[in-house]
Amino acid sequence: MTKPAHIPMLSFFLRGGTRSVLLKTGALIAIIACADWAADRDVTLGFLYLFPMLMVGSVLKRWQIAIVAALCTLLTESFDSFDWRPSAGIPRDILIFAAFLGMGLFVFEMVRSRQAALIHLKQIETESEARRAAEEQLKVLVDSSPVAIFTADSEGLVLQANDAAHRLFALHPGSLPGRSIRQYLPTLVNVPAPEPNGTSFRTVMQSRGLRQDGEAFLADIWFSTYRTSVGSRLAAMVLDTSEDLRNREEYSLHQLLAASRILVGAVSHEVRNVCGAIAVVHENLTRNSALAHNKDFEALGTLIETLEKIAALELRQTPYPAARVDLPALLEELRIVIEPALREQGIEVSWNIQPGLPAVWADRQSLMQVFLNLTKNSQRAMLDRPAGQLEIIARAEGQRIAVRVQDTGGGVTHPEHLFRPFQPGAQSTGLGVYLSRALMRSFRGDLRYEPEPRGATFVVELSPVLAGNLPGAGNQPGAGNQPGASNQPGASNQKDTYGNPDSAGGRSQPVPGQPQPVVAD
């Protein structure tokens, strides 16, 4: 049974619940039946049953309404003044029953429609409230965003903009709407308007932007176009990346200078070797009396001395500021950088990172450059090999943290020449591995090669950050000795070996006879 709906005309009879309405309906039918029975036979009151039918139509189902209509038809036929004969009584009863049933069903449908309208209205109110709350949240999100966000029409006039957009373009709050965005971001003039039946245009681009005072800046722009009932619109988010550009260029210069120092050191080393050999030959020739007063020979001696002095002017390498580096996080960034290109080449990459690895001492950017150089070398080595595999393994080994880069390439033909600069036959300058080891040693790490039956393995060794070499307890790796311990004969302990990456137990030693990178004292 349905809950009765309030109809103003019958509000008195329809007050209360379903049971109350049915009791009132029953009482009303009884009153009408008694009045019809007591009234004159020539006066029929059967039409009054339309009112109880109207009442039951608001609370009963269709088949229940039909039963009540049949009951009212029976009562009407029982107390009217017409003799009942099948030829006249059946059509009359059908018409009476149809009238009562029609009234009940009419009210039933009216009540159901009213209830459906109320439910629909409540849904609309709920959706409207939810939409209003979402719009408020979106407005708060846009207004509080540090990224400049704005919308513009097809003519490029700004419709709405948040506070960050006003700060980005150096405008007073609220003054950007109504201005042309193209005077601040000229490249947006080339953005095509969306087609009437086409899809929206979404992309990201980098361009030059202008502030109100004429200052230029580098902008990353994420924008999309869409259509509305009043025309096409553009929505955009703009981020000032000028600081990132400056940092990137400064770091590139820093890396260039550092690599140049190492390169000049390597050249000076080779020049000193040649000068030493020439000086020996010159010294032997001085014993020849025929050249004793030869001016050209004396000039040659002067040139050799000058070249030795120039080669002796070593450029002192500035050590990289070692800091605490989260090695697992750095390797995760490396994974993001290298995996797409390796997958395109068909190289399978596996990562075996020991859980719980401690932080290490390193320069973060230089360490990333070393890993990139090693993985790029592995990628080139497996370029023409099917089913190439690259595995990155990071784990603690004794007093060090070792990161192995293993590949299934062609390996190294002459490992004894691997860390020498200007190697003949190298695909590039022949300095990549040499510079990588020099960078590692600049913050007390190391890079070494391990021969493999198949492929090649390079091992990056790093010093872990321990309590003994945190700032304030030794300041740098290798300062882990206790005060006074070095003054005691034979004084050494495991902590000293762990904290000092230059100790024999903590790192591989230079190979005799090979040129070594210049490392700061």
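User: What share of the 521 residues in the protein is buried, and what makes a residue count as buried?
Analyst: Buried residues make up 37% of the 521. Buried means a relative accessible area under 20%, exposed means over 50%, and partly exposed lies in between, with a 1.4 Å probe and protein chains only. This is a predicted model, in which local features need pLDDT of at least 70 and side-chain atom pairs count only at pLDDT 80 or more, while totals for chains, interfaces and linings use all residues. Residues are numbered from 1 along each chain as its sequence is written, and side-chain values use heavy atoms, with hydrogens and water left out.

User: How many helices and strands does the protein have, and how are they assigned?
Analyst: There are eleven helices and twelve strands.

User: How does the reach of helix α3 compare with the expected value?
Analyst: Helix α3 covers residues 62-79, and its 18 residues reach 26 Å from first C-alpha to last. The expected span is 1.5 Å times one less than the number of residues. For α3 this is 26 Å, and the helix comes close to that value. Helix α9 also has 18 residues and a reach of 26 Å, close to the 26 Å expected.

User: Against what do the buried residues of α3 pack?
Analyst: They pack against α1 (18-38), α2 (50-56) and α4 (86-144). The buried residues of α3 include I65, V68, A69, C72 and L75. In α9, the buried residues include L367, M368, V370, F371 and L372.

User: What makes the side chains of E109 and R62 a salt bridge?
Analyst: A salt bridge needs a side-chain nitrogen of Lys or Arg within 4 Å of a carboxyl oxygen of Asp or Glu. The N to O distance between R62 and E109 is 2.8 Å, so the pair qualifies. E109 lies in helix α4 and R62 in helix α3, so the bridge ties together parts 47 residues apart in sequence. E109, at 28% relative accessibility, counts as partly exposed, and R62 is partly exposed at 41%. The structure holds 16 salt bridges.

User: Which side chain meets R211 in a salt bridge, and is R211 buried or exposed?
Analyst: The partner is D240, at 2.8 Å, N to O. R211 lies in the loop between β3 (202-210) and β4 (216-228) and D240 in strand β5 (residues 231-240), so parts 29 residues apart in sequence are tied together. R211 has a relative accessible area of 14% and is therefore buried. D240, at 30%, counts as partly exposed.

User: Where do R364 and E333 lie?
Analyst: The side chains of R364 and E333 meet in a salt bridge at 2.6 Å, N to O. R364 is in helix α9 (residues 364-381) and E333 in helix α8 (residues 327-344), so the pair ties together parts 31 residues apart in sequence. Both count as partly exposed: R364 at 29% relative accessibility and E333 at 36%. Elsewhere, salt bridges that share partners join R395, E397, R400, R404, R448, E450 and E461 into one network.

User: How many aromatic pairs does the structure hold, and why is the pair of F169 and Y184 called tilted?
Analyst: The structure holds four aromatic pairs. The ring centres of F169 and Y184 are 5.0 Å apart and the planes stand at 35°, so the pair is tilted. Rings of Phe, Tyr and Trp (its six-membered ring) pair if their centres lie within 6.5 Å; planes under 30 degrees apart count as stacked, over 60 as edge-to-face and the rest as tilted. F169 is buried at 0% relative accessibility, and Y184 is buried at 1%.

User: What about the rings of F169 and F217?
Analyst: Their centres are 6.4 Å apart and their planes at 50°, so this pair is tilted. F169 is in the loop between α5 and β3 and F217 in strand β4, 48 residues apart. Ring pairs link F169, Y184 and F217 into a cluster.

User: Which residues form a nonpolar patch on the surface?
Analyst: V204, W222, M237 and L239 do, with about 330 Å² of accessible area together. M237 lies in strand β5 and is partly exposed, with a relative accessible area of 37%. Patch members need over 30% relative accessible area and no salt bridge; like charges are joined within 9 Å and nonpolar side chains (Val, Leu, Ile, Met, Phe, Trp, Tyr) within 5 Å.

Conventions: Helix = DSSP H or I, 4+ residues; strand = E, 2+ residues; numbered from the N terminus. Contact = heavy atoms within 4.5 Å. Areas by Shrake-Rupley, 256 points an atom, 1.4 Å probe, with all protein chains shown as cover.
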